[in-house]
Amino acid sequence: MSTKKLKPSAALSPARATIADVAREAGVSKATVSRFLNHRETLLTPDIATRVEVAIAALAYSPSPMAQALKRGRSRLIGLVVADVTNPFSVAVLRGAEKACQQAGYLLMLFNLGNDSSRESEAIKALAAYQVEGFILNTLGADAGAAADVARHGKPVVLVDRRHHDMQADFVSLDNAGAMQLALRHLVKGGYRELLFVSEPIRDVSSRMEREAAFRSFVSDPNTDIPDLHGKTFESTQDDTEGLDQALRSLRQRASGRLPGVISSNAVVTLRVVASMARLGWRLGADLGLVGFDDTEWSPYIGPGLSTIAQPTDELGRLAAGCLIERLKGLDLPPRQILLSGHLLPRGSSVAQAPQAALPI
């Protein structure tokens, strides 16, 4: 058996080896190397197959999975666009989607919008350039151009948590109205009557709109038969700490001896409320009741424990990926809507406690 001696300079080259490099070092054509890589050694003589094998090992050559997939007409890539990767909800959904994709032989590519709705079209174009086979979108839903870009590429889409005004697609989300009612009924049962819903800016974000609408409907419904029940909404931004502090002060002033309660729209807002209470010197449960959307690993350990509405985030991610993969396999049905129930986890933050001393408002 004879082998071709490789040049040391080639073996030590820092550049990524190509199929042309392997062919040149082995003294064969690129087509011959391709046959070897595609496990068609029976078409090659033992001597040539060995020369190609030695060249591949010496050059540390590895074929590009992307190039091989595109040759077969499939990238096995799915694009995931999230509104804010710092939000624990987005991370949890990503994990669920990733599990489902791995089980089906797909990989996820992530694009984070950073809560900038103007980047939705950019995200679609960037992922499309990598030949993703479909999109899972958890976006702000305000960019009409994004819908046009998706339509132009002709790829299947699944929406998670947030609807897109101009896009007809499978939609997987929490039952926001039902989840809000869980939080409200829990607070009302505990004696809370003056309520405040604290959310990030609501406009054009469907999940926030649905939660706020359910909050207003419950508070204003004459059929609830709950005397002296009142509620307002406050839209919180990251930089407006004084605005949130004042909103909580006003809540306690309106309560006038009744129990004041807060519902926060997600884990990001929950931390803002907790930070505001720390600035004001108030205690969870004793001075203000709190129920937050999204259960996190740290929820049981803040103060007396944070009462939360847990979302089935892993299942949301799995279902979204599953719906998309079904479309990729040829499923042709009208757009589907899947709403999952939330789960109330009551802890000390929403259990009224006897105040130890009067605190300043």
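## Salt bridges, sheet and cores of a predicted model

Asp204 and Arg203 form a salt bridge, with their closest N and O atoms 3.6 Å apart; the term denotes a side-chain nitrogen of Lys or Arg within 4 Å of a carboxyl oxygen of Asp or Glu. Asp204 is partly exposed, with a relative accessible area of 26%, whereas Arg203 is exposed at 70%. Here buried means under 20% relative accessible area, exposed means over 50%, and partly exposed lies in between (1.4 Å probe, protein chains only).

This is a predicted model, in which local features need pLDDT of at least 70 and side-chain atom pairs count only at pLDDT 80 or more, while totals for chains, interfaces and linings use all residues. Residues are numbered from 1 along each chain as its sequence is written, and side-chain values use heavy atoms, with hydrogens and water left out.

### Salt bridges

The structure holds 20 salt bridges. Three of them are set out below.

| Pair | Closest N and O atoms |
|---|---|
| Arg336 and Asp170 | 2.8 Å |
| Glu194 and Arg254 | 3.2 Å |
| Asp204 and Arg203 | 3.6 Å |

Arg336 forms its salt bridge with Asp170. Arg336 lies in the loop between α13 (313-328) and β11 (337-340) and Asp170 in strand β5 (residues 170-174), so this pair ties together parts that are 166 residues apart in sequence. Helices (H or I, at least four residues) and strands (E, at least two) are DSSP runs, numbered from the N terminus. Arg336 counts as partly exposed at 22% relative accessibility, and Asp170 counts as buried at 2%.

The salt bridge of Glu194 is with Arg254. Because Glu194 lies in strand β6 (residues 192-199) and Arg254 in helix α11 (residues 241-255), the pair ties together parts that are 60 residues apart in sequence. Glu194 is buried at 4% relative accessibility, and Arg254 is partly exposed at 25%.

### The sheet and its helices

In which order do the six strands of the open sheet stand? The order is β2-β1-β3-β4-β5-β11, and the pairing is parallel. Two strands pair if DSSP finds at least two bridges between them. From one strand to the next, the twist averages 15°. Axes are lines fitted to C-alpha atoms, for helices over the stretch in contact, and angles run from 0 to 180 degrees between N-to-C directions.

Four bridges join β5 and β11 in the parallel sense; Phe171 stands opposite Gln337 in β11. Helix α7 (residues 120-129) packs on the sheet, where it touches β1 (77-82), β2 and β3 (134-138), and its direction makes about 150° with that of β2. Contact means heavy atoms within 4.5 Å. Helix α13 lies across β1, β3, β4 (157-160), β5 and β11, and runs at about 170° to β5.

Leu107 is exposed, with a relative accessible area of 55%. Not counting residues up to four places away in sequence, Leu107 touches Arg76, Leu77 and Ile78.

### Helix α11

At 1.5 Å a residue, the 15 residues of α11 should span 21 Å, and its end C-alpha atoms are 22 Å apart, which agrees. The expected span is 1.5 Å times one less than the number of residues in the helix. The buried residues of α11 include Leu244, Ala247, Leu248 and Leu251. Its buried residues pack against β6, β7 (230-235), β8 (259-264) and α12 (267-280). Just after α11, Ser256 takes a positive phi of about 45°.

### Nonpolar cores

A nonpolar core is a set of buried Ala, Val, Leu, Ile, Met, Phe, Trp, Tyr and Cys residues joined through side-chain atoms within 4.5 Å. The largest has 21 residues, and those with the most contacts inside it are Ile78, Ile136, Val158, Leu316 and Ala321. At least two residues of this core come from each of β1, α6 (88-104), β4 and α13. Leaving aside neighbours within four places in sequence, the contacts of Leu316 include Phe89, Val93, Val172 and Leu340. A second, separate core has 20 residues, among them Leu184, Val188, Leu195 and Ile263.
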